[in-house]
Amino acid sequence: MKRFLTFTIVFLMLAVLMPVRVYANSAEPPSFVIYSPNAPKDAEIFILAEDGEHNASMYDKHIRLWETSFFIDYYGFDKTDNKLLVRSEEKSFEVEFPDKYADGSFSSFYTLDFEAETLTVNVSPSRGKIMIWTRVLLTLLIECVFYFLLKYRAVRSYIAFIAVNLVTQTLVNVIVTSNGGSISFYAGYDFMVYLFMEFFVFIFEMAILLLAVKEKGKWVVLHALAANTLSMVLGGFMLVFLPY
C-alpha cells in the first residue's frame with residue numbers, strides 16, 4: 001500500500017510539473033448574475049431597452065433557501081443603455097445598472113435589495129465566506145458520522161479526520177469560489193475543476209490518515225476513500241438546495 005501511494009503521488013507530481021498544452025473551445029458563461037437575499041418567490045426581472053422589454057428566455061432563476069439568483073445570458077449587453085424592471089405581486093420598480101458592461105469580461109455580479117429597491121455592484125464579502133464554511137462543515141459532519149458508524153472511537157482519529165478535512169476542503173472551496181463561483185458552477189466549468197481537485201484530495205487524505213490514524217490498521221485507507229466519495233456525492237446533492 002505504501003509503495004502504491006508513493007508511486008501515485010510521484011506520478012501526480014510529474015503530471016502537474018510536466019503539463020501538455022491542449023486547445024479547446026467552450027460556450028461563454030452568463031453575462032451577469034443578480035443575487036437577491038430578500039426577493040419574494042414570485043419576483044421576476046425584465047430588461048428595459050429602447051425596443052421594449054426583454055424577458056424570461058434570457059435568464060435562469062434559482063431559489064435556494066433564503067436567496068434568489070438570476071443568471072442572465074445576454075451577450076453584447078450595454079448596461080448604460082438599459083434598466084432593470086423588477087416585478088412581483090407585492091410591487092414593481094425600476095433600477096439602473098450601476099456600471100457599464102466591461103468589454104472582454106465574461107461576467108458581473110450584482111446584489112438586488114428588493115426592500116430598498118437598489119441594485120449594487122458585487123456581493124457582500126461575507127456571502128462567499130458563509131458558503132465556503134457551510135460546505136466545509138457539511139463535509140465534516142457527513143464524514144464524521146460515517147466514521148462513527150464504522151466504529152472509530154479514538155479522539156486522536158477524529159482530530160485527524162477533522163484536521164485533514166479542514167485543510168483540504170477549505171482549500172478546494174476557496175479555489176472554486178475565487179475562480180468564478182456561481183457563474184463557473186452554472187456553466188459547468190468549476191464542477192470539472194472540483195472533480196479534478198477531489199482526486200488529489202482522495203490521495204492526500206488516504207496517505208495522511210494511514211499515518212495518523214491507528215484504528216482499523218490499513219483499512220482506514222479504504223474507509224477514507226469511501227468517506228470522501230460519500231461526502232462528494234451527498235455534498236453535490238445538497239448544492240441543489242444551497243446557494244452557491
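I began by writing down that buried means under 20% relative accessible area, exposed over 50%, and partly exposed in between (1.4 Å probe, protein chains only). I noted that this is a predicted model, in which local features need pLDDT of at least 70 and side-chain atom pairs count only at pLDDT 80 or more, while totals for chains, interfaces and linings use all residues. Residues are numbered from 1 along each chain as its sequence is written, and side-chain values use heavy atoms, with hydrogens and water left out.

**Salt bridges**

I looked up salt bridges (a side-chain nitrogen of Lys or Arg within 4 Å of a carboxyl oxygen of Asp or Glu) and found that the structure holds 2.

One joins E117 to K91, with the closest N and O atoms 3.2 Å apart. This pair links distant parts of the chain, 26 residues apart, since E117 sits in the loop between β8 (109–113) and β9 (118–121) and K91 in the loop between β6 (83–87) and β7 (92–96). I recorded E117 as partly exposed because its relative accessibility is 36%.

K61 forms a salt bridge with E44, and here the closest N and O atoms are 3.6 Å apart. The partners lie 17 residues apart, K61 in strand β4 (residues 59–64) and E44 in strand β2 (residues 44–49); strands are DSSP runs of E, at least two residues, and helices runs of H or I, at least four, numbered from the N terminus. K61 counts as partly exposed because its relative accessibility is 23%, and E44 is partly exposed at 29%.
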